[in-house]
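Hello,

Please find the structure below, with the notes that go with it.

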Amino acid sequence: MSEFPGFIAVETGDDNAIPLAIAWALPNGQVKHTLIQPDDDWLDEELLSLGGYGLDELRQFGVSPLDVLRELENDHFSQTLYTAGVQDDEAALSRMFDDFGVDPFVELAPAEILYPDLSPGEWSRARGELFGELGLEPLRPEHEVQVMLYLHQA
């Protein structure tokens, strides 16, 4: 089986890119996913921006942002990761890098560039259709990564 590109997706709160959950694909096609414990500084700014999560849920089941970055670094150091929403994912990752004093070690690029034979918008349409066919939610990072993996196989 061939290796898969590094797909990544970050779920954020309603405002200003508070990272709430993250998922990325490993070269073998497995998906890593976790909730992210909110930093106290983030909560002071935007208490109501926790998406569909409760604060207790994020604190209890989430992983510290620094541990998330360490795990991502172990899996994808100095690589380009592909995303369906570059600006949002980049903003969320930048926030984690900046707030914890970590030098960025990955680059993000739009997943569509992996498929130069597709006409503009074709990949996005196929992505939208696949969400419907599979009954997955576009805002959940593990679902985003799974759909990108399926599209890559097709």
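Contact here means heavy atoms within 4.5 Å. By that rule, and leaving aside residues up to four places away in sequence, Asp75 touches Trp24, Leu26 and Lys32.

On the source: this is a predicted model, in which local features need pLDDT of at least 70 and side-chain atom pairs count only at pLDDT 80 or more, while totals for chains, interfaces and linings use all residues. Residues are numbered from 1 along each chain as its sequence is written, and side-chain values use heavy atoms, with hydrogens and water left out.

Asp75 is part of helix 3 (residues 65-76); helices (H or I, at least four residues) and strands (E, at least two) are DSSP runs, numbered from the N terminus. The Asp75 side chain has a polar contact of 2.9 Å with the side chain of Trp24 and one of 2.8 Å with the side chain of Lys32. A polar contact is a pair of N or O atoms within 3.5 Å; within protein, one must be able to donate a hydrogen and the other to accept it, and residues adjacent in sequence count only if both atoms are side-chain atoms.

Strand 4 (residues 79-83) and strand 5 (residues 106-110) run parallel and are joined by 5 bridges; two strands pair if DSSP finds at least two bridges between them. Gln79 has Val106 of strand 5 as its bridge partner.

Regards
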